[in-house]
Amino acid sequence: TFSKAQGNRVRALRDCSGNRNHLRQNTASKQPTILQGVQSNRAAFSFASNDFLVGTNDSAFDVGTGAFDVYIILNFDAISSGFQTFFSTKSAATSGAAGIAAFANAAEKVRAQGANGSSQKNTTITSNAYNGKGFFLVRVSRVDNGTMGTYTLCSDGTTETKTVSATGLNFDGGNFAIGGLNNGNNTLQGKVVELLAFKGIRLSNSERDKVVSYLSTKYKLGL
């Protein structure tokens with residue numbers, strides 16, 4: 001659990017689904033902090049340096065060849081080199097590490113990756129850079145045994161949908177992590193206000209729009 005006091009370290013983030021797939025960080029120096037009044041007078045998790053939260057169940061987000069749908073509202077600092085991870089079930093952004101990951105690359109574009117633990121991986125990448133746009137929405141999803149894609153939306157009207165074939169690829173990975181790869185590498189330098197993850201289902205466009213409306217209204221994003 002965490003205190004809502006300004007600047008306090010976050011030791012655990014509770015899973016609200018009832019499945020007890022909580023995220024934790026027992027190392028104090030790697031715990032993100034709470035910042036109050038960040039967006040629409042609501043709190044945010046601030047990730048810096050080596051901060052990340054990781055799940056205690058290494059198969060909680062194993063999706064196999066099936067569907068999944070993840071939504072995250074965040075921002076990130078300028079990137080001079082490498083990349084910053086938003087969320088991941090992978091231990092490395094390479095084709096040899098199984099799982100899924102979403103991150104900003106050195107060009108500050110949003111990239112999503114799924115890998116089946118062999119030489120085969122499938123990647124989408126946005127055309128636009130997203131640093132400096134404030135808080136924005138990233139959706140990473142896959143239809144059952146089919147197309148994987150990203151959907152990005154900013155309050156300035158920037159929006160993109162990118163897709164790639166992922167038929168037959170098993171994306172079972174490891175522990176689900178926020179703010180870094182699940183081994184703590186390539187961490188996020190930025191803030192996260194909310195993440196929603198659906199396993200075994202990809203929401204329809206109308207359902208997606210309801211999620212976007214909920215998040216936009218809650219955080220006054222004007223999406």
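Me: Which element gives the largest share of the lining of the largest pocket?
Reply: S15 does, with 8 residues. Strands (E, at least two residues) and helices (H or I, at least four) are DSSP runs, numbered from the N terminus. This is a predicted model: local features need pLDDT of at least 70, side-chain atom pairs count only at pLDDT 80 or more, and totals for chains, interfaces and linings use all residues. Residues are numbered from 1 along each chain as its sequence is written, and side-chain values use heavy atoms, with hydrogens and water left out.

Me: What makes a set of points a pocket, and what makes a residue part of the lining?
Reply: On a 1 Å grid over the protein atoms alone, a pocket is an open set with protein on both sides within 12 Å along at least five of seven lines; a 1.4 Å probe that fits but cannot get out marks a cavity instead. Lining residues have an atom within 4 Å of a point. The largest pocket has a volume of about 1200 Å³, the space filled by probe spheres set on points joined across faces, edges and corners. Of its 35 lining residues, Leu13, Arg14, Asp15, Cys16 and Leu195 are the closest to the centre. S3, S4, S15 and H1 each supply at least two lining residues.

Me: Which residues of H1 are buried?
Reply: Arg208, Val211, Val212, Leu215, Ser216 and Tyr219 are. They cover an arc of only 130° around the axis, which puts them on the same side of H1. The arc is that of the directions from the helix axis to the C-beta atoms. Buried means under 20% relative accessible area, exposed over 50%, partly exposed in between (1.4 Å probe, protein chains only). On the other side of H1, Lys210 and Thr217 are exposed.

Me: Why is serine 40 called partly exposed?
Reply: Its relative accessible area is 25%, so serine 40 counts as partly exposed. Serine 40 lies in the loop between S3 and S4. Its phi is positive, about 55°, although it is not a glycine.

Me: Why does asparagine 186 count as partly exposed?
Reply: Asparagine 186 has 31% relative accessibility, and therefore counts as partly exposed. It lies in the loop between strand S14 (177-178) and S15.
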